[in-house]
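Subject: Structure handover

Hi,

Here is the structure I promised to pass on. Please open it next to this email and follow along. My notes come after it.

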Amino acid sequence: MLASLLLVGCSDEAAESQSIESVKETTPSAFELLNPELGASAKEIALGYVEKIGIDLIQAGIEIEKFQSSIIMLTGQTNNENLTLSKQAWLDAHSAYELTTLHRYFATQLLGEQDSLALMQLQYQINHWPIIPGYIDYVDGYPDSGIVHDINVNLDADSLREQHGAFDISEATLGFHVIEFLLWGYDTDAVARPAADFNAVLKLTPDETESGYSLEQLSNNRRRLFLSIATNTLVEDFRALQSLWLAEEPSIRERVESTSGTELIVILADSMSAMLTEELLLRSLYPMLNGNFTESIQSPYSRSTQNAVSSQLSGLERLLLERQTENGTTLDIVFSAISDEFSEFFYQNFDASKACLVLLYSNRESDSADTMNERETEIVECINLLTNIIDYNDRLKFDLTN
């Protein structure tokens, strides 16, 4: 391409501008010229990571389908034991899904714009938070609130999809956290969702008959139906996400093959920084520091935010330490060869931040006026530790490209 451009008299600047993608893909960087083995290792690790994404999505799909089976059991035979089993299955499925969080940040850097938007839309349908619980079902002081009690709202998959975020992004009717609220109920020690809320009502009372109700309109029966539809829709949306990945995986592998090791290192580092920034700093810790505790907690009803965060961080740690080349090189070794600060300080901050976040979210429900100052100190500590991790990633990229 450069040769033909020069033959027709284009300037060197124009040729360079028009062929920047070709140069990026075919010309080794200074780093790769000095460290050819590390550059090759980065590409091998990235290709292995693409394969791992598919495997993790399969495992998450298995856990989500197990959860679906538990809901069928709960609605078929409603009792405390089956409600407990459904709650545990939700926790397992949600943790498996959160383990794929980093994968999505990596994928959006390699997918085209249309597919990236489709991926983000599916993420919104599968795992949006925070939600407005009173939009779904009763909450303290409002025993008849929510779609469960609004007989004017049809309960079917199409209707729930139309209602999802129709007027406000937090007015969710789909996804893990809507189901979480249906299973656990409002987050208070005094009132837990009883299994009796899911008992099928097979006969109208005289008052209900006189008022013109049908069995389908009774709150228990609508709640059971809502739970089943939301669960089935979750499975459908996750399968759509898997299908998107399977359809694009070959082209993603081609992009990785044609991208320099240097660029792949930057993409992987950027994926980690973006996940930490978006999922933890912007969505949770900064709002929490500003006193917005309601919208800063991912899983308040099951009190399992610490599980989700642990899964997200585990995904990052596995990418650094578990993906190995044939000669045993990991991404951690590649990063450490580029930046002495990464090898010396990254894991100190990573381990400390993991402990800080788990403690912070585990103790979240004990917040009170007496503990707010202490809680603020913990939040600031977690923010500082995460910011340090992101800074080490940024310095790594600086060392790599200078």
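Some ground rules come next. This is a predicted model, in which local features need pLDDT of at least 70 and side-chain atom pairs count only at pLDDT 80 or more, while totals for chains, interfaces and linings use all residues. Residues are numbered from 1 along each chain as its sequence is written, and side-chain values use heavy atoms, with hydrogens and water left out.

**Overview**

The protein has 17 helices and 0 strands. Both are DSSP runs, numbered from the N terminus: helices are H or I with at least four residues, strands are E with at least two. Of the 402 residues, 50% are buried. Buried means under 20% relative accessible area; exposed means over 50%; partly exposed is in between (1.4 Å probe, protein chains only). Now take contacts, meaning heavy atoms within 4.5 Å. Among contacts with a separation of 6 or more, 78% join residues 24 or more positions apart.

In the largest nonpolar core, which has 105 residues, Leu183, Phe226 and Leu285 touch the most other members. H5 gives the most to this core, with 14 residues. A nonpolar core is a set of buried Ala, Val, Leu, Ile, Met, Phe, Trp, Tyr and Cys residues joined through side-chain atoms within 4.5 Å. In soluble globular proteins, nonpolar side chains tend to be buried together.

Leave aside neighbours within four places in sequence, and leucine 183 still has contacts with residues including Phe67, Trp90, Arg193 and Leu227.

**Two helix pairs**

Two packed helices are described by the angle between their axes and the distance between the axes. Axes are lines fitted to C-alpha atoms, for helices over the stretch in contact, and angles run from 0 to 180 degrees between N-to-C directions.

Start with H5 and helix H7 (residues 101-108). Their axes come within 10 Å and cross at roughly 130 degrees. That makes H5 oblique to H7. Angles under 35 degrees count as roughly parallel, over 145 as roughly antiparallel, 65 to 115 as roughly perpendicular, and the rest as oblique. Tyr49, Val50, Ile53 and Asp56 in H5 meet Leu102, His103 and Phe106 in H7. By class, this contact has 5 nonpolar, 1 polar and 1 charged residues. Here Ala, Val, Leu, Ile, Met, Phe, Trp, Tyr, Cys and Pro count as nonpolar, Asp, Glu, Lys and Arg as charged, and the others, Gly among them, as polar.

Next come helix H14 (residues 305-321) and H15. They pack at about 75 degrees, with axes 5 Å apart. H14 and H15 are therefore roughly perpendicular. Leu319, Leu320 and Leu321 of H14 make the contact with Leu331, Asp332 and Phe335 of H15. These residues divide into 5 nonpolar, no polar and 1 charged.

**Two threonines**

Is threonine 75 buried or exposed? Threonine 75 counts as buried, at 15% relative accessibility. This residue sits in H5. Beyond its neighbours within four places in sequence, threonine 75 is in contact with Arg224 and Ser228.

Threonine 277 lies in helix H13 (residues 261-289). Threonine 277 is partly exposed, with a relative accessible area of 24%. Threonine 387 is 110 residues from threonine 277 in sequence, yet the two are 8.3 Å apart in space, C-alpha to C-alpha.

**Backbone details**

The peptide bond from tryptophan 129 to proline 130 is cis, with omega near 0 degrees. Find proline 130 in the loop between H8 and helix H9 (157-163).

Arginine 303 is in the loop between H13 and H14. Its phi is positive, near 55 degrees, and this residue is not a glycine. Arginine 303 counts as partly exposed, at 26% relative accessibility.

Best wishes
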